[in-house]
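Student: I'd like to go through this one term by term. Can you show me the structure and then back up each label?

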Amino acid sequence: QVQLVESGGGLVQAGGSLRLSCLASGSHSGINRMVWYRRAPGKVRELVASITNGGYTEYGDSVKDRFTISRDVATNTGYLEMNSLKPEDSAVYYCYAELIMETSAIDSYWGQGTQVTVSS
């Protein structure tokens, strides 16, 4: 069964760092694209960062120069390195991935979400 398994959230003080991981487990042929979103209480879902299978990255304006998205092709794992965290970064972070299936079709999956809380 293909699924995205997130890890790495937690509580950190402002100015600190966290690294989120998103493992694409199960039978598939690789990650075509991975996106990190976040949703804070009372706010709309926000795109944080994305990366293509070619390594092209994009970032939301609020996280540019602080967050870095990357992926390990060998382990089918995506990462979101978050530095200089601010209280306004507190949210549930979701991993979304377009996976290349063994049939060559592309299917989309969501991770379960991981809570990031930044204290002031």
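**Labels and their cut-offs**

Tutor: Let's start with the open sheet of four strands, ordered β1-β3-β8-β7 with antiparallel pairing. One caution: this is a predicted model, where local features need pLDDT of at least 70, side-chain atom pairs count only at pLDDT 80 or more, and totals for chains, interfaces and linings use all residues. Residues are numbered from 1 along each chain as its sequence is written, and side-chain values use heavy atoms, leaving out hydrogens and water.

Student: What makes β7 and β8 a pair?

Tutor: Strands here are DSSP runs of E, at least two residues, numbered from the N terminus. Two of them pair if DSSP finds at least two bridges between them. Six bridges join β7 to β8, so they qualify under that definition, and they run antiparallel. As an example, I69 has L80 in β8 as its bridge partner.

Student: Why are β1 and β7 called edge strands?

Tutor: β1 (3-7) and β7 each pair on one side only.

Student: How do you know that Y37 is buried?

Tutor: Buried means under 20% relative accessible area, exposed over 50%, and partly exposed in between (1.4 Å probe, protein chains only). Y37 comes in at 14%, so it counts as buried. Y96, at 13%, also counts as buried. W110 has 40%, so it is partly exposed.

Student: Why is the Y37 and W110 pair called tilted?

Tutor: Rings of Phe, Tyr and Trp (its six-membered ring) pair if their centres lie within 6.5 Å; planes under 30 degrees apart are stacked, over 60 edge-to-face, and the rest tilted. Y37 and W110 are 5.3 Å centre to centre with 40 degrees between the planes, so they land in the tilted class. Y37 lies in strand β4 and W110 in strand β10 (residues 106-110), so the pair ties together parts 73 residues apart in sequence.

Student: What makes Y96 and W110 a tilted pair?

Tutor: Their values are 4.9 Å and 55 degrees, so tilted again by that rule. Ring pairs link Y37, Y96 and W110 into a cluster.

Student: How do you know that the charged end of R45 sits over the ring of Y37?

Tutor: The rule wants NZ of Lys or CZ of Arg within 6 Å of the ring centre and within 35 degrees of the ring normal. The charged end of R45 is 4.8 Å from the centre of the Y37 ring, and it is listed as sitting over that ring.
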